[in-house]
Amino acid sequence: TVGDYFETTLQSNQLEIDVNINGVLQSTSPFVKKLVNNKRRGGIVLMSSMSCIQGTGHLANYAATKSWNKIFAHSLWAELSPLNINVMACVAGSTTTPTYLQIAHNRNEFIELSPQEVASECLAAMVSGLPSTNPGTLNKIVNFVFSSILPVAKTLETFTTETRAIFGR
C-alpha cells in the first residue's frame, strides 16, 4: 500500500502481510520439506525490495514485509545451503510490473528495470550461491551506499523523497 501510514487501513495492511509474508510461508514450506525429504538439490527465490534496506516513508508496511522476506531468505540460505538447496532474496528496485505502472505517477525510467530483466539477473545470480542479489548495476550501487555508507536517517530521507516523487505523495 502506497500512502501515509496513518491513512491506510488495518485491512489493507493485513492483506499486504497475507500476500507478502503468509503467502511466502505457505508456498515455501512444502517446497522446502519436499526438497529436504527427497534429498534433492534446488533453488528458491524470494522477492524483496530495495525499500527493505532501511525502510521508506509512504511504504511502511510494504517495506517491512519485504524486509521480512529478505531476512527469511537469508535465514533459510544459512540453514539449507549445506543441503545443496540455494535460497536467494531478489532485492529488486523499481520494476515495471502492471501494478507499478498503474500507481507510479512520475516514473523515473533511469532507475527502472523490466520484470524480465529482474528475473534474468536473479536467476543468473543463483549460481553464485549468495543469499541475495540486487538486479541492475544502479541498484547494486544504491544498496551498497545506502546500507553501508550513509547514516540511516539520510537513507530514510532519500528513499522517502524518491517515493514521494514517483508515487505523487
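This is a predicted model: local features need pLDDT of at least 70, side-chain atom pairs count only at pLDDT 80 or more; totals for chains, interfaces and linings use all residues.
Which residues of α2 are buried? Residues are numbered from 1 along each chain as its sequence is written, and side-chain values use heavy atoms, with hydrogens and water left out.

**View 1. Helix α2 and its buried residues.** The buried residues here are Asn-61, Ala-63, Thr-65, Lys-66, Asn-69, Lys-70, Phe-72, Ala-73, Leu-76 and Leu-80. Buried means under 20% relative accessible area, exposed means over 50%, and partly exposed is in between (1.4 Å probe, protein chains only). Helices (H or I, at least four residues) and strands (E, at least two) are DSSP runs, numbered from the N terminus. The cover over these α2 residues includes α1, β1 and β2.

**View 2. A closer look at Asn-61, in helix α2.** Asn-61 counts as buried because its relative accessibility is 14%. Skipping neighbours within four places in sequence, Asn-61 is in contact with Asn-13, Glu-16 and Ile-17; contact means heavy atoms within 4.5 Å. Thr-8 is 53 residues away along the chain from Asn-61, yet their C-alpha atoms are separated by 9.5 Å.

**View 3. Thr-56, in the loop between β1 and α2.** Thr-56 has a relative accessible area of 7%, so this residue is buried. Not counting residues up to four places away in sequence, Thr-56 touches Ser-51, Ala-63, Leu-156, Phe-159, Thr-160 and Thr-163.

**View 4. The largest nonpolar core, with 18 residues.** A nonpolar core is a set of buried Ala, Val, Leu, Ile, Met, Phe, Trp, Tyr and Cys residues joined through side-chain atoms within 4.5 Å. Leu-46, Leu-80 and Val-87 touch the most other members. Two or more residues come from each of α1 (10–37), β1, α2 (60–80) and β2 (85–92). Beyond its neighbours within four places in sequence, Val-87 is in contact with Ile-44, Ala-73, Leu-76, Trp-77, Leu-80, Leu-130 and Pro-131. Another core, of eight residues, lies apart from this one and includes Cys-90, Ala-92, Cys-122 and Met-126.

**View 5. The two salt bridges of the structure.** A salt bridge is a side-chain nitrogen of Lys or Arg within 4 Å of a carboxyl oxygen of Asp or Glu. Glu-121 pairs with Lys-140, their closest N and O atoms being 3.6 Å apart. This pair links distant parts of the chain, 19 residues apart: Glu-121 sits in helix α4 (residues 115–125) and Lys-140 in helix α5 (residues 137–149). Glu-121 is partly exposed at 32% relative accessible area, and Lys-140 is partly exposed at 39%. The other bridge joins the side chains of Glu-157 and Lys-154 (3.3 Å, N to O). These two are three residues apart in helix α6 (residues 152–167), so about one helical turn separates them.
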